[in-house]
Amino acid sequence: SHKFTHTLLFNIDFYCPIGCADCYKTRMGTREYLATNSKETPKIFQHPDLGNLRPPTAALAREQARRIVNWMNQNPRGQQVYDVILSGGEPLSMSNESIRAIFDEFRAATNLRVFRVCTGMLFLGLPFRFDEELLSIFSGFENETGVRVTIQAHLGSHEMISPESLIAVDKIRSHRLPIYSQVPIKRGINFFLDDVGKTVDALAELGRKQVR
């Protein structure tokens, strides 16, 4: 979706293994990926308008990326875009093969300056998804193209900063990739409607822990 003049949101998939209760993408998210009940074998969800919804293959991811790059290079509106956000769902639920295919296509985007990877994996329970192969895809793309690659990590509370996530942070930083947090405002976690002081304390503590 082209919401902003210079930024394109590339929602490659709608699947997310985390399934935050108040995620604004839940309507096309985890709970609807598999249509099932306790007595049935899970089956791929059938959307009334979009049909049979399946995880994107590497070939499909590459084709979608190729179409976006063509639009960015040839369309007058697309030529204004220099910032791409890879999102979902959870884009890192895809295989490294699929992610490499996407990045390979974006090498041809002539005006691209920033490529942001929007993910919940780092602080929401799957930090070891950041393996050396994945990080080499990101850093290799940046080194070869000059396009800045950043990690946009969802982080709602300082309690989500685990020892495992800090190990992953060190791995990411060893590849010289910057990490920026995206802090969803979550009632009962970092926002308390009837207690402004508690809200300020929660967000301040989150800020302090991020700096450390």
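This is a predicted model: local features need pLDDT of at least 70, side-chain atom pairs count only at pLDDT 80 or more; totals for chains, interfaces and linings use all residues.
Author: Local features here need pLDDT of at least 70 and side-chain atom pairs count only at pLDDT 80 or more, while totals for chains, interfaces and linings use all residues. Residues are numbered from 1 along each chain as its sequence is written, and side-chain values use heavy atoms, with hydrogens and water left out.

Reader: What makes up the chain in helices and strands?
Author: The chain has six helices and nine strands. Both are DSSP runs numbered from the N terminus: helices are H or I with at least four residues, strands E with at least two.

Reader: Why are β8 and β9 called paired?
Author: Two strands pair if DSSP finds at least two bridges between them. Strand β8 (residues 148-154) and strand β9 (residues 179-182) have four bridges, in the parallel sense, so they pair. Q152 is placed opposite Y180 in β9.

Reader: Why is the pair of F103 and F138 called tilted?
Author: Rings of Phe, Tyr and Trp (its six-membered ring) pair if their centres lie within 6.5 Å; planes under 30 degrees apart count as stacked, over 60 as edge-to-face and the rest as tilted. The centres of F103 and F138 are 5.4 Å apart and the planes are at 45°, so this pair is tilted. F103 belongs to helix α3 (residues 96-106) and F138 to helix α4 (residues 132-145), 35 residues apart.

Reader: Why is the pair of F115 and F141 called edge-to-face?
Author: The ring centres of F115 and F141 lie 6.1 Å apart and the planes stand at 70°, so the pair is edge-to-face. F115 is in strand β7 (residues 114-119) and F141 in helix α4, so the pair ties together parts 26 residues apart in sequence.

Reader: How do you know that F115 is buried?
Author: Buried means under 20% relative accessible area, exposed over 50%, partly exposed in between (1.4 Å probe, protein chains only). F115 has a relative accessible area of 0%, so F115 is buried. F141 is also at 0% and buried.

Reader: What makes R113 a charge over the ring of Y82?
Author: NZ of Lys or CZ of Arg must be within 6 Å of the ring centre and within 35 degrees of the ring normal. The charged end of R113 sits over the ring of Y82, 4.0 Å from its centre. For K198 over the ring of F192, the distance is 4.4 Å.
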